[in-house]
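Subject: Structure handover

Hello,

Below is the structure I said I would pass on. Please open it beside this email, and check each point against it as you read.

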Amino acid sequence: MSMEQGRLDWVQALRGIAAMLVVLCHALDYLSHSPSFPLIERALLPGAMGVDLFFIISGFIMVYSTRKTTGTLDDVKNFAINRFSRIWPTYAVVSIIWIFIAYDGINYFISYENWAVLFKSLTFIPVKEMAPLYFEPVFPLGWTLNFEMYFYVVFAVSLLFKRYRLAAMLIWIAFTVILIPMLTRTFSTNPFTYYSYELNYFNLMTNPIILEFVAGAAIGYLYLSRHVQIASKSLALNFLALSIALVVWFNYSGPASTHGITNWGGPLSVMVLAFAICSKTVHIKSPKILIWLGKISYSLYLTHYLTRAAMDHAVGYLGFSGHVHTWGYFAFSVSVSVSVAALSQYILEQKLSNRLRDELHKRMPFVRVAG
């Protein structure tokens with residue numbers, strides 16, 4: 001990301017950290033036989049907060065990337081095409097490959113029910129009822145994309161309200177996530193709460209984890225505001241350091257223990273806010289390795305689960321299963337996951353996604369509306 005000539009490199013760095021946190025959290029399984037596993041688990045299990053950090057950053061980026069749009073139908077169309085082509089191709093390919101690794105391969109497609117699951121998964125519709133927060137798409141990590149795509153739709157429609165886009169988005173989220181559950185159920189900030197609405201998609205729309213996207217979007221607007229700035233570099237650096245310390249305490253040895261704006265998402269929102277506001281006062285120099293990991297973060301998040309499954313199958317076939325639960329294999333699996341993600345980023349994101357984006361732009365003409 002070269003936004004503002006590198007001033008927002010910290011965004012990519014945080015995305016890289018988020019992806020690695022999730023990868024390390026999932027690789028925890030390989031250390032289950034270690035005598036130090038309780039300590040290792042306490043250190044790595046909160047890495048699942050990487051998902052919450054992704055959601056917050058996503059809200060921020062949506063606001064930043066549309067800062068110059070005026071709210072025309074063309075703006076909405078371009079936003080929708082760019083986001084869909086960015087997300088869907090890699091997810092679709094990974095989901096299909098996952099079927100051949102984790103299920104019965106071609107036999108999976110014999111069942112009509114399996115086709116229905118696949119269709120819902122690839123169209124970002126929750127599959128299983130009574131299963132919040134994940135709703136169990138065919139590829140397990142696809143649950144995050146269900147929420148991601150829903151918020152894209154909400155954000156895209158809000159663009160049509162032009163200068164009132166923030167108000168429109170906030171009103172819709174307040175209505176669906178807060179007011180409706182308060183009037184019809186008992187409102188909860190716990191994203192694992194199942195409101196049991198008859199239309200399962202409505203259970204996704206009312207899930208409070210959506211508030212993390214809103215937090216990110218709000219931070220984006222504060223970042224773009226000329227009136228929100230810390231004049232003192234010393235105060236800015238202190239705010240930044242304290243926000244990181246808050247995350248370390250609250251999420252690793254404090255009250256937080258799971259997803260959600262009142263758990264992992266709360267301190268992470270404060271930290272992203274600190275990075276956003278402080279970056280306007282001081283230059284936050286980000287390590288190149290983290291910026292690069294941020295570049296491949298989407299592929300790393302999606303493919304690492306697939307890579308691990310393929311590796312485990314291969315190792316088992318070769319008769320080396322007894323050497324899986326070791327520190328060496330832990331490190332090896334993480335390294336291979338990063339390498340596969342880099343390849344995926346080049347082939348699926350740069351090549352396939354960009355080709356789909358260009359094709360969609362070509363086939364969908366501009367719709368100019370006066371006023």
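Met-130 counts as exposed, since its relative accessibility is 63%. Please keep in mind throughout that this is a predicted model.

**The loop between α5 and α6**

Met-130 lies in the loop between α5 and α6. The phi of Met-130 is near 55 degrees, which is a positive value in a residue other than glycine. Glu-136 lies in the loop between α5 and α6, and its phi is near 55 degrees, a positive value in a residue other than glycine. Glu-136 is partly exposed, with a relative accessible area of 42%. Leu-133 is in the loop between α5 and α6 too. What is the peptide bond from Pro-132 to Leu-133, cis or trans? It is cis, and omega is near 15 degrees.

**Helix α5**

Helix α5 covers residues 112-122, and its buried residues are Leu-118, Ser-121 and Leu-122. The buried residues of α5 pack against α4, which is residues 73-102.

After α5 comes Phe-124, with a positive phi near 65 degrees. Phe-124 is also one of the residues touched by Asn-146. If residues up to four places away in sequence are not counted, Asn-146 touches Phe-124, Ile-125, Pro-126 and Leu-204. Asn-146 lies in helix α6. Is Asn-146 buried or exposed? Its relative accessibility is 1%, so Asn-146 counts as buried.

**Salt bridges**

How many salt bridges are there? The count comes to six. Three of them, described here, involve residues from Arg-357 to Arg-363.

- Asp-358 and Arg-357 meet through their side chains in a salt bridge, at 3.2 Å from N to O. Both count as partly exposed: Asp-358 has a relative accessibility of 41%, and Arg-357 has one of 28%.
- Glu-359 forms a salt bridge with Lys-362, and the closest N and O atoms are 3.8 Å apart. Both residues lie in helix α14 (residues 327-363), three residues apart, which is about one turn of the helix. Lys-362 is exposed, at a relative accessible area of 64%, whereas Glu-359 is partly exposed, at 29%.
- Glu-359 also forms a salt bridge with Arg-363, where the closest N and O atoms are 2.7 Å apart. These two are four residues apart in helix α14, so about one helical turn separates them. Arg-363 is exposed, with a relative accessible area of 63%.

Through shared partners, the salt bridges join Glu-359, Lys-362 and Arg-363 into one network.

Rolling a probe the size of a water molecule over the atoms shows where empty space is left. The largest pocket has a volume of about 990 Å³. It is lined by 37 residues, and the closest to its centre are Arg-15, Ile-61, Asn-82, Arg-83 and Arg-86. Which elements give two or more residues to this lining? They are α1 (9-26), α3 (50-65), α4, α6 (143-159), α12 (288-295), α13 (297-317) and α14. The lining of the largest pocket divides into 14 nonpolar, 15 polar and eight charged residues.

The second largest pocket has a volume of about 480 Å³. Of the 25 residues that line it, His-26, Tyr-134, Leu-141, Trp-143 and Tyr-305 are the closest to its centre. The elements that give two or more residues to its lining are α1 and α13, and α13 gives the most, with five residues. The lining of the second largest pocket divides into 17 nonpolar, four polar and four charged residues.

**Where to look**

Regards

Key: Residues numbered from 1 in each chain as written. Predicted model: local features only at pLDDT ≥ 70, side-chain atom pairs only at ≥ 80, totals over all residues. Heavy atoms only, no water. Buried < 20%, exposed > 50% of the residue type's maximum accessible area, 1.4 Å probe, protein only. Contact = heavy atoms within 4.5 Å. Salt bridge = Lys/Arg side-chain N within 4 Å of Asp/Glu carboxyl O. 1 Å grid on protein atoms, 1.4 Å probe; cavity = no way out; pocket = protein on both sides within 12 Å on 5 of 7 lines; lining within 4 Å. Points joined across faces, edges and corners; volume = space filled by probe spheres on them. Nonpolar A, V, L, I, M, F, W, Y, C, P; charged D, E, K, R; others polar.
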